[in-house]
Amino acid sequence: MLDQNLKKFPENFLWGASTSAYQVEGANLADGKGPSCQDVKELPAGTASLDVCADHYHRYEEDIALMAEMGFKVYRFSIAWTRILPQGTGEVNQAGIDHYHKVIDCCLKHHIEPLVTMFHFDMPAALDERGSWSNPESVEWFENYARVLFENYGSKVKYWLTINEQNMLTLVGPLIGTLHIPEGCENIVKETYQQNHHMLVAQAKAMALLHKMFPEDKIGPAPNISLVYPASCKPEDILAAQEFNAIRNWLYLDMAVYGRYNNLVWRYLEEHDATPTFREGDEEALKAAHPDFIGFNYYSTSTVQHADVNEVLNPGADQQTARGEAGYYKGFNNPYLTKSEFGWEIDPLGFRANMREMYSRYHLPMIVTENGLGAYDTLTEDGKVHDNYRIAYLRAHIEQLKLAISDGIEMMGYCPWSAIDLVSTHEGIRKRYGFIYVDTTDEEVGTLNRYRKDSFYWYKKVIASNGEDLAD
Ligand code: BGP
């Protein structure tokens with residue numbers, strides 16, 4: 001492999017970045033918004049509350065203007081279900097509808113394509129009380145919410161994402177403040193995968209609905225895909241990597257694209273007496289839906305080795321750190337990779353391998369909906385943030401993205417996490433990802449003034465050169 005940069009980024013490549021409502025907006029109960037599961041959860045110790053965040057709800061105009069200054073072609077953000085339907089179902093909140101009209105119009109005014117995530121970890125609290133995704137009616141709740149979104153925004157928004165990181169909801173939901181297992185539940189695997197099944201059907205119905213209402217619009221899933229490496233060439237480790245690849249990654253895309261359960265996952269569910277119950281029509285709904293593209297979040301690869309049936313494994317894990325299941329696989333520290341300050345492995349080449357693997361399985365255009373480096377940033381006295389570590393991370397990944405395009409993979413765009421500093425899922429606002437620094441801390445709300453980090457100016461150059469100029 002000579003690895004010459006053979007191809008350029010396509011002319012209409014969508015450069016941009018991402019945020020999610022509950023992590024960036026603040027104003028969490030303003031203007032008729034109902035509480036979501038994030039607003040009622042117990043916050044991890046020492047992390048910022050979610051009532052202010054980056055105050056994007058009030059400052060979206062300033063923020064989108066800064067994105068336009070960077071040259072964004074796309075802005076991926078999520079709509080808070082509870083701004084639209086405060087109770088999750090029932091009455092529509094006009095103030096919430098109006099708010100996102102303004103956000104979308106502001107993007108369009110700046111020639112930025114809105115890429116809307118319908119659901120990003122923020123189940124309405126009122127629906128949690130009705131059983132959340134464990135209630136089979138959750139399929140109808142989501143479809144109804146989808147209809148309200150499409151009716152209102154379907155003519156303006158061309159690109160939609162269904163459920164952010166459904167695989168992380170299923171695998172580490174409680175850690176990020178969502179996906180509840182009812183007390184006294186006897187078969188947690190069954191309960192979890194029944195909820196997952198409802199989400200899969202809900203997603204399929206939303207995709208089909210959009211295609212019916214707005215045949216020109218495009219929609220896709222947005223799982224977190226981390227290609228799983230075997231820790232060695234030992235055959236048992238290869239099988240373990242296949243198991244975890246299926247459980248972590250392919251279940252979600254096989255279902256979104258082909259409408260069928262991955263066979264290894266099905267066997268795993270059978271072994272746990274945990275196969276989901278299908279309602280009438282589920283199978284047809286799953287088969288009938290087809291995404292137009294695949295959105296995926298990528299932070300790192302995973303590495304696993306074989307785990308014996310009797311092994312006692314540390315269950316502690318987050319989206320990217322190692323986990324294990326006795327009899328199947330266990331996490332392994334990849335000695336060839338370095339780690340971020342927050343313990344996530346950094347693997348730009350794995351990014352390319354990930355894209356190759358996904359494209360060979362699904363043959364659909366893809367857009368990167370998250371990728372980035374969580375780090376401690378320092379604001380200097382003269383209002384600068386010298387985040388050369390973030391530039392290095394992003395550069396290394398964009399280089400691999402370009403090589404993936406040369407590999408013949410259809411890539412539509414790149415939306416790193418995050419456009420602007422926001423509150424992390426479980427590690428506070430001290431774990432920063434943005435191109436734009438927000439003056440606030442976990443301890444107290446600051447001025448909330450915005451500052452352009454070094455990576456802001458760098459990314460602006462990257463976009464202006466359509467990915468050709470990656471130098472400092
Ligand atoms: C993904 C989520 C995001 C985001 C990001 C960084 O899993 O989709 O919401 O927060 O990871 O993770 P964290 O905030 O845990 O650092």
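The ligand of this predicted model sits in the largest cavity, where sitting means that more than half of its atoms lie within 2 Å of the grid points. Cavities and pockets are found on a 1 Å grid over the protein atoms alone: a cavity is a set of points where a 1.4 Å probe fits but cannot get out, a pocket is an open set with protein on both sides within 12 Å along at least five of seven lines, and lining residues have an atom within 4 Å of a point. Because the model is predicted, local features need pLDDT of at least 70 and side-chain atom pairs count only at pLDDT 80 or more, while totals for chains, interfaces and linings use all residues. Residues are numbered from 1 along each chain as its sequence is written, and side-chain values use heavy atoms, with hydrogens and water left out.

**Ligand surroundings**

- Around the ligand are 16 residues, with Gln-23, Glu-165, Thr-425, Lys-431 and Tyr-433 coming nearest; a residue counts as near if one of its heavy atoms lies within 4 Å.
- By class, this shell comprises five nonpolar, eight polar and three charged residues; Ala, Val, Leu, Ile, Met, Phe, Trp, Tyr, Cys and Pro count as nonpolar, Asp, Glu, Lys and Arg as charged, and the others, Gly among them, as polar.
- The side chain of Gln-23 places an N or O atom 2.7 Å from an oxygen atom of the ligand.
- For His-120, a polar side-chain atom lies 2.8 Å from a ligand oxygen atom, and for Asn-164 a side-chain N or O atom is 2.9 Å from an oxygen atom of the ligand.
- The protein buries 100% of the 370 Å² that the ligand exposes when taken alone, with areas from the Shrake-Rupley method and a 1.4 Å probe.

**Cavities**

- The structure holds seven cavities of 30 Å³ or more; grid points are joined across faces, edges and corners, and a volume is the space filled by probe spheres set on the points.
- The largest cavity contains about 140 Å³ of space, and of its 16 lining residues Tyr-299, Gln-319, Glu-370, Trp-417 and Thr-425 lie nearest the centre.
- The second largest cavity has a volume of about 80 Å³, and its lining includes Ala-21, Tyr-22, Lys-33, Arg-83 and Asp-122.
- Four nonpolar, three polar and five charged residues make up the lining of the second largest cavity.

**Largest pocket**

- The largest pocket has a volume of about 450 Å³ and is lined by 18 residues, among which Thr-170, Leu-171, Tyr-268, Arg-323 and Glu-325 lie nearest its centre.
- Two or more lining residues come from each of helix 8 (166–172), helix 9 (188–213) and strand 9 (324–325); helices (H or I, at least four residues) and strands (E, at least two) are DSSP runs, numbered from the N terminus.
- Helix 9 gives the most to this lining, with four residues.
- The lining of the largest pocket divides into 13 nonpolar, three polar and two charged residues.

**Backbone features**

- Most residues other than glycine have a negative phi, and most peptide bonds are trans.
- Trp-417 and Ser-418 are joined by a cis peptide bond with omega of about 10 degrees, and Ser-418 is found in the loop between strand 14 (411–414) and strand 15 (436–438).
- Ala-27, although not a glycine, has a positive phi of about 45 degrees; Ala-27 is placed in the loop between helix 1 (21–24) and helix 2 (37–40).

Methods. A polar contact is a pair of N or O atoms within 3.5 Å; within protein, one must be able to donate a hydrogen and the other to accept it, and residues adjacent in sequence count only if both atoms are side-chain atoms.
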